[in-house]
Amino acid sequence: MAESAAAPIDVARESRRSRRRPNVAGRRRSETARLGQRAVELSRFYAGKIETVPKVPVRSLRDFALWYTPGVAEVSRTIQAEPDTSFELTGRWNTIAIVTDGSRVLGLGDIGPEAALPVMEGKALLFKWLGGVDAVPLPVRTRTPDELIATVERLAPAFGGINLEDIASPKCFGILEQLQRRLPIPVWHDDQLGTAAATIAGFLNALELTHRSVREVRTVLLGAGAANLATARLLLALGQDPRRLSIVDQRGILHAERTDLDELELHNPWKFRLALKTDGGGRTGDLGAALDDADVLLAASTPVPNTIRAEHLRRMHPEPIVFALANPDPEIWPDDARAAGAAVVATGRSDFPNQVNNSLIFPAVFRGILDARARGIPDAVVIAAARELARHAHDRGLTATHLLPTMEEFDVFPHVAAAAADAAVAQGLARHKLSHDEYLARARQRMGRSARLVRALLRARLTPAMPRPGSGAPGGSA
Amino acid sequence: MTAPAEAPADAAATGESSPRPIHVRPARPADLPALVPLLLRLKRLNEEFDPLLRVRDDAEGQAREVLAASLADPKAVVLAAEGVGPDRDRIVGLVHAIVRERPFYQPTREGVILDIYLLPLYRRHGVGEYLLKETSEALRARGAGVVIAEFPAQNEIASRFYAKRGFRPITARHARSL
């Protein structure tokens with residue numbers, strides 16, 4: 001933040017901080033290095049994280065007369081006559097593509113499609129393990145958004161949904177918008193929608209916990225990347241007053257008369273429209289000006305602790321809600337935020353309470369919309385999933401340290417899936433309409449199956465056991 | 001001159017909230033301090049399209065001189081767009097146009113829109129249309145039989161705006177550095 005560079009740093013406070021957290025960053029760095037080394041070792045051993053496995057019996061080669069030619073020709077004719085039967089007669093209904101151009105992978109930047117592959121494989125594993133979704137990693141070598149859009153359009157007949165991943169902002173907005181408009185299947189960009197939906201779920205519960213209403217709160221978004229621009233759109237859909245919403249980026253509060261607005265209209269029309277709509281929440285200036293008497297701060301900016309400082313939070317309305325979601329290091333450490341008066345604090349990390357984690361959302365949302373064979377995924381479906389996630393934490397008792405379900409609360413996910421499926425039905429987008437209970441039962445069955453499958457393969461030694469660290473074991477499945 | 005009824009289709013398509021009508025009047029020398037920054041914003045936007053449109057360091061003084069000269073020229077058109085309601089008396093946009101002779105072609109005079117700029121908050125809602133209409137009328141009153149808009153070739157937003165209103169490319173200007 002340009003703003004934070006200008007303010008003097010309180011040296012005494014800085015040294016207190018380092019005493020309280022002796023060399024956390026250093027410890028974390030060595031831990032990350034150790035995990036990295038082990039990941040390379042295991043990647044070499046297993047040579048990939050997913051594979052295709054037949055899901056039908058094959059008693060002898062004769063069965064291929066059914067699974068393949070000549071029998072399969074009749075299946076093709078049926079689909080030719082009615083293309084939507086591809087969702088019934090093939091695996092399309094449960095298969096998605098994880099598409100990336102490798103332009104913004106994790107914190108690594110533009111590393112290209114090959115280097116993005118292990119990340120997409122990992123995502124595919126998460127999709128399968130948590131959601132029972134068959135996900136195909138598909139890094140593609142495209143240079144322009146139009147090339148990527150055309151590529152995905154050509155791939156769509158094989159898939160029941162598309163998950164866009166790790167595509168740089170702002171081109172990710174136009175790509176998502178175009179593909180959602182053109183394809184007859186749901187298209188999702190997890191860096192926008194997954195993160196935004198999890199944020200919204202935590203936000204709704206934080207409001208409830210502090211007795212606030214979405215129509216009245218003054219909200220500040222710090223960072224104007226993929227996640228926060230999607231969060232802003234969802235907030236407005238939920239009834240947030242645009243004139244009480246300030247979006248802050250490196251240049252300060254985003255308002256209608258900022259001199260970079262003409263440039264934004266050309267290069268980032270999504271941010272431009274939000275600038276006009278919110279007009280800075282009626283304010284101009286820096287983060288501090290935005291936070292004056294604000295109720296909520298949702299930060300998804302740069303992983304630099306101290307981007308948000310205690311004196312920032314002291315300018316907020318009493319008992320403020322503070323989400324510091326930058327990964328791996330939050331913009332302010334939770335204990336510092338609480339010391340500065342924050343009533344509720346959330347981060348993106350699993351080692352602090354209230355982790356805002358897109359894994360709470362994307363496997364369940366895909367489970368639901370695939371079970372509904374949905375034609376699309378409008379914001380109403382995203383919001384329904386967020387509300388359902390929020391409801392479960394609520395039903396188990398909201399506290400300042402229990403704002404959202406944790407990843408261990410597996411039983412929540414089928415409910416989120418069923419809520420997404422119900423919303424697809426309500427939006428008239430479901431090819432396969434079922435009752436809530438039927439969607440829930442299907443989601444439970446599908447979501448539980450993957451973990452059983454992985455364990456069964458391991459027990460049967462079809463998946464080799466994990467080698468000990470540094471054992472230098474040769475490739476197990478290669 | 002007040003803004004016509006806002007085009008509802010336009011507002012619905014952009015999803016924007018309440019329309020912000022403007023009021024257009026001929027500019028006066030006293031408007032110069034408000035007009036110069038708007039003209040500079042336009043020129044800085046043009047920088048985005050081509051390195052040969054890089055704004056000079058002395059552009060602010062130039063803007064003042066150019067606009068002052070046009071204000072004094074009965075053949076030129078300088079319009080100021082003002083806000084209405086609480087924004088009354090605030091200049092939120094400008095139009096700068098001139099009339100050129102056409103020695104070889106008919107019609108014999110062309111009105112050339114050199115600069116047209118509105119602050120972002122006042123765009124859409126049909127105000128561009130209104131500004132164009134007022135400008136065209138002012139140019140017609142000065143003898144122009146054709147109206148020409150000049151803007152950077154790469155400005156697709158401007159291309160679309162004019163194409164929608166019946167403009168077509170007529171001459172092209174291609175450039176390279178020397």
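Visitor: A:Asp166, is that one buried or exposed?
Guide: A:Asp166 counts as buried, because it has 26 C-beta neighbours inside 10 Å. A residue is called buried with 20 or more other C-beta atoms within 10 Å of its own, exposed with 12 or fewer, and partly exposed in between, the C-beta atoms being placed from the backbone. This is a predicted model, where local features need pLDDT of at least 70, side-chain atom pairs count only at pLDDT 80 or more, and totals for chains, interfaces and linings use all residues. Residues are numbered from 1 along each chain as its sequence is written, while chains are lettered from A and ligands numbered from 1 in the order in which they are written.

Visitor: What is phi doing at A:Asp166?
Guide: Phi of A:Asp166 is positive, near 50 degrees, in a residue other than glycine. A:Asp166 sits in the loop between β3 (161-164) and α9 (171-182) of chain A. Helices (H or I, at least four residues) and strands (E, at least two) are DSSP runs, numbered from the N terminus.

Visitor: And how about A:Ala47, buried or exposed?
Guide: A:Ala47 counts as exposed, because it has 12 C-beta neighbours inside 10 Å. A:Ala47 has a positive phi of about 50 degrees although it is not a glycine, and it lies in the loop between α3 (24-46) and α4 (64-67) of chain A.

Visitor: Where are the cis peptide bonds?
Guide: One joins A:Asn327 and A:Pro328, with omega about 0 degrees. A:Pro328 belongs to the loop between β9 (321-324) and α16 (334-339) of chain A. Another joins B:Gln106 and B:Pro107, with omega about -15 degrees, and B:Pro107 is in the loop between β3 (91-101) and β4 (109-118) of chain B.

Visitor: Why flag those bonds and the phi values?
Guide: Because most residues other than glycine have a negative phi, and most peptide bonds are trans.

Visitor: Switching to helices: at what angle do α11 and α18 of chain A pack?
Guide: Helix α11 (residues 226-237) and helix α18 (residues 379-395) of chain A pack at about 85 degrees, with axes 11 Å apart. Axes are lines fitted to C-alpha atoms, for helices over the stretch in contact, and angles run from 0 to 180 degrees between N-to-C directions. That makes α11(A) roughly perpendicular to α18(A), a label for angles of 65 to 115 degrees.

Visitor: Which residues make that contact?
Guide: From α11(A) come A:Arg233, A:Leu234 and A:Ala237, and from α18(A) come A:Asp379, A:Val382 and A:Ile383. Contact here puts the C-beta atoms of two residues, placed from the backbone, within 7 Å.

Visitor: What about strand β5 of chain A, what covers its story?
Guide: Both faces of β5 (residues 219-222) are covered: A:Thr219 and A:Leu221 on one side, and A:Val220 and A:Leu222 on the other, are all buried. β5(A) pairs with strand β6 (residues 245-249) of chain A in the parallel sense over four bridges, where pairing takes at least two DSSP bridges. A:Thr219 stands opposite A:Leu245 in β6(A).

Visitor: Zooming out, how many helices and strands does chain B have?
Guide: Chain B has five helices and five strands, running α-β-α-α-β-β-β-α-β-α from the N terminus on. Buried residues make up 28% of its 178 residues.

Visitor: How many residues does each chain bring to the contact between A and B?
Guide: Chain B brings nine residues and chain A brings 11 residues.

Key: Angles under 35 degrees count as roughly parallel, over 145 as roughly antiparallel, 65 to 115 as roughly perpendicular and the rest as oblique.
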